[in-house]
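Please keep the sequence and the structure at hand while reading.

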Amino acid sequence: MSTAQVAVTTKSDWTSDQEVRWCPGCGDYGILLAVQTLMPELGVNPENTVFISGIGCSSRFPYYMNTYGMHSIHGRAPAIATGVATARPDLDVWVITGDGDGLSIGGNHLIHALRRNVNLNILLFNNRIYGLTKGQYSPTSEVGKVTKSTPMGSVDSPFNPLSVALGAEAGFVARTHDLDRKHMMETFRAAHDHQGASFVEIYQNCNVFNDGQFNDITKKNARDEMMINLAHGEPITFGADQQRGVVMGSDGQLQLVELADVSPDAVLVHDAHRHDSSLAFALARLNTDDASPTPFGVFRNVERQEYASAVADQVMAASEAKGPGNLQDLLRSNGTWQV
C-alpha cells in the first residue's frame with residue numbers, strides 16, 4: 001500500500017464516466033455500488049488502486065471504477081495481478097472474477113495466487129451459471145442442472161469455492177451476498193485490511209439465466225433461519241430468536257442443533273484466527289444443499305509472509321551476497337552454444 005498522502009474522496013471520485021452495461025436487475029450492480037461506496041473509507045488513492053478482471057459479466061467491473069485497471073483474458077486475472085502486485089507492492093490490487101472465469105479456465109491461476117499469498121483482494125462473483133455466453137452450466141452449478149450445455153442435467157460435482165480457497169491455504173476467506181450492501185462493505189473492508197491473498201465469494205443473482213438461485217437463503221424473509229453469521233470470538237448461533245446453533249459432534253462433524261437441547265458451552269465459538277484451517281473448511285461445507293442454513297462472514301483470517309515482500313527479501317539477499325549482477329554474464333553462464 002502506498003505511503004503517499006491520501007486525499008479525501010467521495011463515491012463520485014471512484015466512479016468512472018462509463019455507462020454500466022449489465023442486464024437490469026443483475027446482482028452485479030449491488031456489488032459495484034458496495035465497492036464504490038467503500039473505497040473512500042479505505043484511506044487509499046484512486047491513482048494507487050488497480051482493478052484487474054478476466055472474462056465474464058463480472059469482468060466489466062474495471063470499466064466502472066475510476067482507477068487503473070485491466071480487462072484481461074479468460075481466467076488469467078490472478079496471474080496478471082500477481083505481476084502487478086509483485087512489481088508494485090505500493091499499489092492496492094483487486095481481482096474481479098466469476099465462478100466460470102475463476103474456477104474453470106482460471107482455476108490454476110487462482111489457487112497459485114492464493115498459495116503464494118500474493119497481496120490481492122480477490123472477489124469471486126458466484127451466480128452458478130455462465131451469464132456472458134448465455135446460460136451454460138458452470139463449475140459451481142449443482143448436479144442435475146439443466147442448461148443449454150447440459151440439456152439432460154449436469155453430472156459434474158460442483159466446486160465449493162471456499163473449500164478450494166482453503167485447500168490452497170488462503171489466509172483470508174469469506175462469503176457475502178449481493179442483497180446486503182452493509183455486509184458486503186464490512187467483508188470487503190476486512191479483505192482489504194488483510195496483508196496477503198484475500199478471497200471473497202459473493203452469492204450473486206443472475207436474473208436472466210439463473211434467477212432466484214439463492215432466494216431460499218439470502219432473501220430478507222429467509223435470512224434469519226437460513227443465514228449463519230460468523231463473528232470471530234462469538235458463539236455460532238442463528239434463527240429469528242438465535243434459538244439454533246452449531247456444535248461439534250463426538251464424530252468430529254459439525255451439527256445444527258436447537259440450543260434448548262444442548263448446554264451453552266457446547267455451542268461452537270468461531271475462531272477466524274485459528275491457524276489450522278480444518279474448522280473453517282468444515283464451516284464452509286456446513287450447508288448440505290441450497291435449502292439448508294449457510295454460513296456467511298469471515299471464515300479464516302490468519303497472517304503469513306506476503307509474496308512480494310518475500311521476493312524483495314530474496315532479491316536483497318542475493319544482491320548483498322554477490323554484489324551488482326551482470327545480465328549478459330547470466331544469460332551466457334550455462335547451456336549456450338553457437339550456430
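Where is the place of Gln242? Gln242 is in the loop between β8 (237-238) and β9 (244-248). The model is a predicted one.

Gln242 is not a glycine, yet its phi is positive, at about 50 degrees. Its relative accessibility is 41%, so Gln242 counts as partly exposed.

Lys134 also has a positive phi, near 80 degrees, and is a residue other than glycine. Lys134 belongs to the loop between β4 and α5. With a relative accessible area of 46%, Lys134 is partly exposed.

## Ser157

The loop between β4 and α5 holds Ser157. Ser157 has 66% relative accessibility and therefore counts as exposed. From C-alpha to C-alpha, Ser157 and Ser141 are 8.2 Å apart in space, and they are 16 residues apart in sequence.

## Aromatic pairs

Seven aromatic pairs occur in the structure. One of them joins Phe61 and Phe125: the ring centres are 6.0 Å apart and the planes stand at 85 degrees, so this pair is edge-to-face. The two residues are 64 residues apart and connect distant parts of the chain, with Phe61 in the loop between β1 (49-53) and β2 (68-71) and Phe125 in strand β4 (residues 121-126). Phe61 is buried at 0% relative accessibility, and Phe125 is buried with a relative accessible area of 1%. Ring pairs also tie Phe61 and Phe125 into a cluster with Phe51 and Trp94.

Tyr203 and Phe214 make a stacked pair, 4.0 Å centre to centre with 15 degrees between the planes. This pair too links distant parts of the chain, 11 residues apart: Tyr203 is in strand β6 (residues 198-203) and Phe214 in the loop between β6 and α7 (215-218). Both Tyr203 and Phe214 are buried.

## Charges over rings

The charged end of Arg175 is placed over the ring of Phe296, 5.9 Å from the ring centre.

In soluble globular proteins, nonpolar side chains tend to be buried together. The largest nonpolar core here has 38 residues, and Leu114, Leu120 and Phe199 have the most contacts inside it. Two or more residues of this core come from each of β1, α2 (77-87), β3 (92-98), α4 (107-116), β4, α5 (161-167) and α9 (278-284).

Leaving aside residues up to four places away in sequence, Phe199 touches Leu110, Leu114, Ile122, Leu124, Pro161, Leu162, Ala165, Phe172, Val173 and Ala174. Another core, of 29 residues, lies apart from the largest one; Trp22, Leu32, Val44 and Ile202 are among its members.

## Helix packing

The axes of α2 and α4 cross at roughly 35 degrees and come within 7 Å. Pro78, Ala79 and Thr82 of α2 make the contact with His109, Leu110 and Ala113 of α4. By type, the residues of this contact are four nonpolar and two polar, with no charged residue.

Which residues of helix α1 (residues 28-38) are buried? They are Asp28, Ile31, Leu32, Ala34, Val35, Gln36 and Leu38. The cover over the buried residues of α1 includes β1, β4, α6 (181-193) and β6.

Key. Residues numbered from 1 in each chain as written. Predicted model: local features only at pLDDT ≥ 70, side-chain atom pairs only at ≥ 80, totals over all residues. Heavy atoms only, no water. Phe/Tyr/Trp six-rings, centres within 6.5 Å; stacked < 30°, edge-to-face > 60°. Helix = DSSP H or I, 4+ residues; strand = E, 2+ residues; numbered from the N terminus. Buried < 20%, exposed > 50% of the residue type's maximum accessible area, 1.4 Å probe, protein only. Lys NZ or Arg CZ within 6 Å of the ring centre and 35° of its normal. Core = buried A, V, L, I, M, F, W, Y, C linked by side-chain atoms within 4.5 Å. Contact = heavy atoms within 4.5 Å. Axes fitted to C-alpha atoms, helices over the stretch in contact; angles between N-to-C directions. Nonpolar A, V, L, I, M, F, W, Y, C, P; charged D, E, K, R; others polar.
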